[in-house]
Amino acid sequence: MKMLIPNTGEHVLRIALADDDRDDRQFFKEAIEELSIRTTLQMFLDGQKLMDYLNTPGVHLPDLIFLDLNMPVKNGMQCLKEIRANRAFNQISIAIYSTSSSELDIEDTFVNGANIYLNKPNNFAKLRESISKVLQINWQYHTSNLNRDNFLLRL
Amino acid sequence: MHTNIQTRRPDSRLPDKLALILAIALLVLITAILYRQIKTLEKSSELVSNSIMVDKEINRLFSQFDLMESGEFRAGILKDSSLDRSFAERKLENDKSLENLKALTQGMPGFHGYLTAITLLKDSLHTNLSDLENELTFSPLGATTKEYIQRSTLILAKLRNLKFQLLAHNENLLRQRMAKYKKHTFLTPMTSVLLALFSMGVFGIAYLVLRRQKNKIQSSETLLANIVQSTDNIMNYYEPIFDPHGKVVDFKVIFANVCNRDYLDLEPAELTGKPVSEVFPFLLENNELGRMIACYNENETIDFDRQVTVKGEMVWFHTFIRPMEDGVLEVVRNNTREFNDKENLLKLNEKLEIQNFILTEAKRMASIGSFISLPKKEELQFSDNLYRILDCKPGEFEPSYQALRNFIHPDDLDEFEGSVPFKMSKGDKRDYYFRINSKKGKLKHLRSKNRKIKISGKTLFIGIIQDISDRIQAENNLRLKNLELNRSNIELDSFNRVASHDLQEPLRKIQMFLSRIDESEKAKLSNKGREYMDRTNRIAARMQSLIKNLLAYAQIGSKHDDFASVDLAEVLNKVQEDYSEQIREAGAKLLYQNLPTVQGVFFQLEQLFGNLVSNALKYRNPENVPEIVLKAEKIPGRHIPGDFIKPANYYYKIVVSDNGIGFDDRQSQMIFELFQRLKPMDGHPGTGIGLAICKKIVENHHGFIQATGNLGKGSTFIIYLPL
């Protein structure tokens, strides 16, 4: 996995977001824009659209995908499984971004290879902070030390 | 109670009596014979003496004749005048002597002839001599005198001749009599000796017989005494005591055997001679003395049972009273054991009847029928209830497998055939299930169980058949209900999802937008607008906590597979950590020690105690330093107040008490209901779900929670968790 060094002028972090909710997409976009991290953001309306994009030959794969779980056509869980099943995508870090705080969902996504789990907050400041934290994670280090306790992002 | 016991009489000893009579008769006979013998002897001697007297009398008579003649001659010669007197005297004597002789020989044979001849000769002699005398008086001795003398001499000669004949006859007779006498004198002593010997013999035999008899009596008496003393029955003999009017009023103990000591603790020797009413006072209790008197008076045998207290123990006696000779014999048997056995048997029988009744009723209630089958035979017995299961009247048809087969559902015939006992082989199963179409056409489900039993060496097959239609029906219903429940559970799950996701989603976005406005647009709002903003924020937060709590409430599952040993001290540590801010803020004290380890789910218990602590902090009394105290103890389940089922034997009683504002104790039940709030919203924020969650968690842990309140003083929550 490529080492991501945040906040450097050289690297532009490629981020993708798959979320069917327009408002959430907007909050996410605004929050990212308010951060002083250089990023590019691509947004998809459902899981299928994300997968289609990823499977497009010669596409520039994102470094980090924020994946909503509840989506029409293809939900986040399916996407996660497909991505982790494809060796071509094994450089991509996946952050689950969901309203659900159900233990079941957390457990399942952890088992299926997600890198971090964050709940959609009810406060914009919190959202900004969460995204900022995720973006600043040293993934190589994080992944090697990943366990169920630090899987769920806590502020 | 009178028994038919014939009065026994002593054996009549007929042979003995006969022997005695015979002996006496014999002795009388012997005496009579002896008497007759002596009499004969006496008579014989009399006859001899009579013959001697006759001899003497004959001689005297004839000597008188001689004397008369010679006197006549002398007078004739001497011419003596004194002759007259002498002759007359002699004549008289002569007659007298002859009369004597006649008298003596009266009844004797042969004498009469002689005596008649003698009388005639005597008379002619007397005449002759008288004539001679006259001749002599008037004339001297002449021819006539000579003639007279010659004639006299002739007569005398004749007389002499007669005399000799008579004497010879008498001697002959005497000789005969003497011989007879001699014989008798010889026979009589002989007979006497013989008779004496015979008598001695009779007495000897009598003595021997008597002695043997006596010995026999003696030994049988000893035997009887031994029996009487060694029997395990009380045997007492009483004689009546009469009052002055001759009425029997009591009995005197004449004999008492040793059993009196064994059974009644009374010394036999001390009983003897005393009235029974004094030594056996219990006889007066049931008027038994009266019955004894009646028994004596009417010569009737009676028997009865009675209970007597001996040495503090109740003993049953069977008493048997029989009049005997001049008193009554009482035989008492200790039949306590028999009586108890009888009583036990009766009780057992009673129990058995009850058991049987219960079994019959139970069979009817549980729809259980049965049949008994002899092995290898088509012989069957059906219970009444088996007929009822088939919707038939008991005994409606002859019991047979064929008859039973007609009821079996066509699909289950194989199963039924397998259940027929005599077709069974060793390894076969013993439980069967088949359906029947009853007489009324009802489909019934039957379960059959066959058992082999051995009763007094006979092998029997017992078939128990139960109508399990109701159970099958209930099972089907249950299965349907389960399906329904599963469906509604799934529905509930999706509702949970809705609540957790779909309800939270819009709210979250509202809050997001509010935060956006708060952050970037607040400055542009008026004061009022800002206030509305704050209020909207609070309402949104409240709504969020409501949804969260409701979700938490719904998620307390009924799954127990995640139960583990949980140390409540650890739980409380966690709670203290979770609420450290609020505790610090309120300046409260959370005190706990010696908390037990229970079986449960850690995070649920955390929620439970967290809610209670949070409640106590929320409803604290501003006048006090808030104090939350937890105590625990182990108690038996039956000590938990309240009328409900407490399945475990022992519980931990955990008491959480605070010194807050408390509540009205009348509301202690309502407090645990969902959305129930006892306090107004102002100043006491709450959703009304917290305690409902507590209750659900406790119940999920098979425990109970109770609350008591004291308005203004504090609340106490008591949690019972099974060990």
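**View 1. Strand β3(A) and its two parallel partners.** Strand β3(A) and strand β4 (residues 93-98) of chain A run parallel and are joined by four bridges; strands here are DSSP runs of E with at least two residues, helices are DSSP runs of H or I with at least four, and both are numbered from the N terminus. Two strands pair if DSSP finds at least two bridges between them. Look for A:I65, whose bridge partner in β4(A) is A:I94. Strand β1 (residues 13-18) of chain A also runs parallel to β3(A), again with four bridges, and here A:L17 stands opposite A:F66. Is β3 (residues 64-67) of chain A covered on one face or on both? Both: A:L64 and A:F66 on one side, and A:I65 and A:L67 on the other, are all buried. A residue counts as buried if 20 or more other C-beta atoms lie within 10 Å of its own, as exposed if 12 or fewer do, and as partly exposed in between, with C-beta atoms placed from the backbone.

This is a predicted model, so to speak of local features a pLDDT of at least 70 is needed, and side-chain atom pairs count only at pLDDT 80 or more, while totals for chains, interfaces and linings use all residues. Residues are numbered from 1 along each chain as its sequence is written, and chains are lettered from A and ligands numbered from 1 in the order in which they are written.

**View 2. Helices α2 and α3 of chain A.** Helix α2 (residues 47-54) and helix α3 (residues 76-85) of chain A have axes that come within 9 Å and cross at roughly 20°. Axes are lines fitted to C-alpha atoms, for helices over the stretch in contact, and angles run from 0 to 180 degrees between N-to-C directions. That crossing makes α2(A) roughly parallel to α3(A) (angles under 35 degrees count as roughly parallel, over 145 as roughly antiparallel, 65 to 115 as roughly perpendicular and the rest as oblique). From α2(A) come A:G47, A:L50 and A:M51, and from α3(A) come A:G76, A:Q78, A:C79 and A:E82; contact means C-beta atoms, placed from the backbone, within 7 Å. By class, this contact has three nonpolar, three polar and one charged residue. Ala, Val, Leu, Ile, Met, Phe, Trp, Tyr, Cys and Pro count as nonpolar, Asp, Glu, Lys and Arg as charged, and the others, Gly among them, as polar.

View 3. The axes of α1(A) and α5(A) are 9 Å apart and the helices pack at an angle of about 65°, in a right-handed crossing. A:F27, A:A31, A:I32 and A:E34 of α1(A) meet A:F124, A:L127, A:R128 and A:I131 of α5(A). This contact has six nonpolar and two charged residues, and no polar ones. Now for the chain-chain contact: 11 residues of chain A touch 12 residues of chain B. On the chain A side, α1 (22-34) and α5 (124-135) are the elements that give two or more residues. That side divides into three nonpolar, six polar and two charged residues.

**View 4. An open five-stranded sheet in chain B.** The strands come in the order β2-β1-β5-β4-β3 (chain B), with antiparallel pairing. β2 (248-256) and β3 (302-310) of chain B stand at the edges with a single partner strand each, so one side of each is left without a neighbour in the sheet. On average, neighbouring strands are turned by 35° against each other, direction ignored. Seven bridges link strand β1 (residues 234-242) of chain B to β2(B) in the antiparallel sense, and B:I241 has B:D250 as its bridge partner in β2(B).

View 5. Helix α14 (residues 527-555) and helix α18 (residues 690-700) of chain B have axes that come within 9 Å and cross at roughly 15°. α14(B) passes α18(B) in a left-handed crossing. Meeting here are B:N549, B:A552 and B:Y553 of α14(B) and B:G690, B:A692, B:I693 and B:K696 of α18(B). B:Q676 is in the loop between β15 (650-658) and α18 of chain B. Its C-alpha atom is separated by 9.0 Å from that of B:L691, 15 residues apart along the chain.

Conventions. Two residues are in contact if their C-beta atoms, placed from the backbone, lie within 7 Å. A crossing is left-handed if the near helix is turned anticlockwise from the far one by less than a right angle, and right-handed if clockwise.
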